[in-house]
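Reader: I would like to learn how the words used for a protein model follow from its numbers. Could you take me through one?

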Amino acid sequence: MNVAIIPAAGSGTRLGGKLPKQFLPLAGIPIIFHTLLRFEICQDIDAIAIALPVSEIVEMGDAISERAFHKPFHLVPGGRERSDSILNALEAIAGLSPEIVVVHDAVRPFISTSDISAVINRAKEIGAAILAIPTVDTIKEVEDGLIARTLDRRKIYRAQTPQAFRYDLLLKANQAAREDNVPSELMTDDSLLVERLGAPIAIVNGSPDNIKITTPEDFKLAEKMISTF
Ligand code: C5P
């Protein structure tokens with residue numbers, strides 16, 4: 001059993017308005033539903049867990065029923081930081097005995113089903129895999145407004161989601177990070193927790209279309225992209 005975990009409990013309103021960005025309409029449909037549809041139609045996904053603000057759980061349950069999704073959904077209260085939301089979801093799905101969990105941000109609606117399957121298949125082989133794209137820019141590490149060093153661009157990738165892991169590995173990585181008091185706000189993606197355990201994580205080449213809708217500019221781009229997606 002492979003389970004998708006969709007963290008959607010952020011309160012980010014950087015796009016303006018009162019609604020968190022994952023609930024803003026894109027082509028008339030909340031962004032999160034575009035994302036959920038990709039996982040609903042991906043044949044390698046058996047169930048979907050969504051971490052939500054507590055205030056949204058009932059409404060989301062109703063909306064999912066109305067939209068006639070067929071896969072089992074588990075709606076989980078989110079936590080203070082993204083990584084807390086992920087841990088809540090991991091604990092909530094323990095009873096399903098998942099083999100692979102696939103974490104994907106609610107605000108990346110342009111994910112392809114083939115890329116979801118690709119990270120799952122690599123994670124089955126080696127335990128963990130993430131979608132990432134090689135950087136085209138030269139990356140500088142900066143301290144106090146001055147360049148501290150230039151990183152070797154040939155080795156730099158931009159991490160995206162989905163990120164897929166053997167369930168036990170991601171749970172252990174989350175527990176270890178908390179035992180070691182890693183601040184939640186530094187846990188900006190899931191693979192870094194697994195890196196801390198020294199476990200191998202494969203890179204699967206992603207697509208620049210898999211944007212994370214964060215700023216008003218991203219939202220404008222998403223509106224253009226959705227008409228041809
Ligand atoms: O804030 P950021 O853009 O990194 O959020 C990425 C994803 O994590 C979003 O889908 C957001 O809703 C989710 N999130 C969450 N719980 C939080 C914070 C963010 O599920 N406490």
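Predicted model: local features only at pLDDT ≥ 70, side-chain atom pairs only at ≥ 80, totals over all residues.

Author: Residues are numbered from 1 along each chain as its sequence is written, and side-chain values use heavy atoms, with hydrogens and water left out.

Reader: What makes strand 4 largely enclosed by the rest of the structure?

Author: Buried means under 20% relative accessible area, exposed over 50%, and partly exposed in between (1.4 Å probe, protein chains only). In strand 4 (residues 47-52), six of the six residues are buried, so the strand is largely enclosed. Strands are DSSP runs of E with at least two residues, helices are runs of H or I with at least four, and both are numbered from the N terminus.

Reader: Why is the pair of Phe-33 and Phe-69 called stacked?

Author: Rings of Phe, Tyr and Trp (its six-membered ring) pair if their centres lie within 6.5 Å; planes under 30 degrees apart count as stacked, over 60 as edge-to-face and the rest as tilted. The structure holds two aromatic pairs. For Phe-33 and Phe-69, the centres are 6.2 Å apart and the planes at 10°, so this pair is stacked. Phe-33 lies in helix 1 (residues 31-41) and Phe-69 in the loop between helix 2 (57-66) and strand 5 (73-77), so the pair ties together parts that are 36 residues apart in sequence.

Reader: What makes the pair of Phe-69 and Phe-73 tilted?

Author: Their ring centres are 5.3 Å apart and their planes at 55°, so the pair is tilted. Phe-33, Phe-69 and Phe-73 form one aromatic cluster.

Reader: How do you know that Phe-33 and Phe-69 are buried?

Author: Phe-33 has a relative accessible area of 7% and Phe-69 has 15%, so each meets the rule for buried. Phe-73 is buried too.

Reader: What makes Arg-67 lie over the face of Phe-33?

Author: A charge sits over a ring if NZ of Lys or CZ of Arg is within 6 Å of the ring centre and within 35 degrees of the ring normal. Arg-67 lies over the face of Phe-33, at 4.2 Å from the ring centre.

Reader: Why does Ala-27 count as exposed, and Ala-68 as partly exposed?

Author: Ala-27 has 58% relative accessibility, so it counts as exposed. At 48%, Ala-68 counts as partly exposed. Ala-27 lies in the loop between strand 2 (25-26) and strand 3 (29-30), with a phi near 50°. Ala-68 is in the loop between helix 2 and strand 5, with a phi near 55°. Most residues other than glycine have a negative phi.
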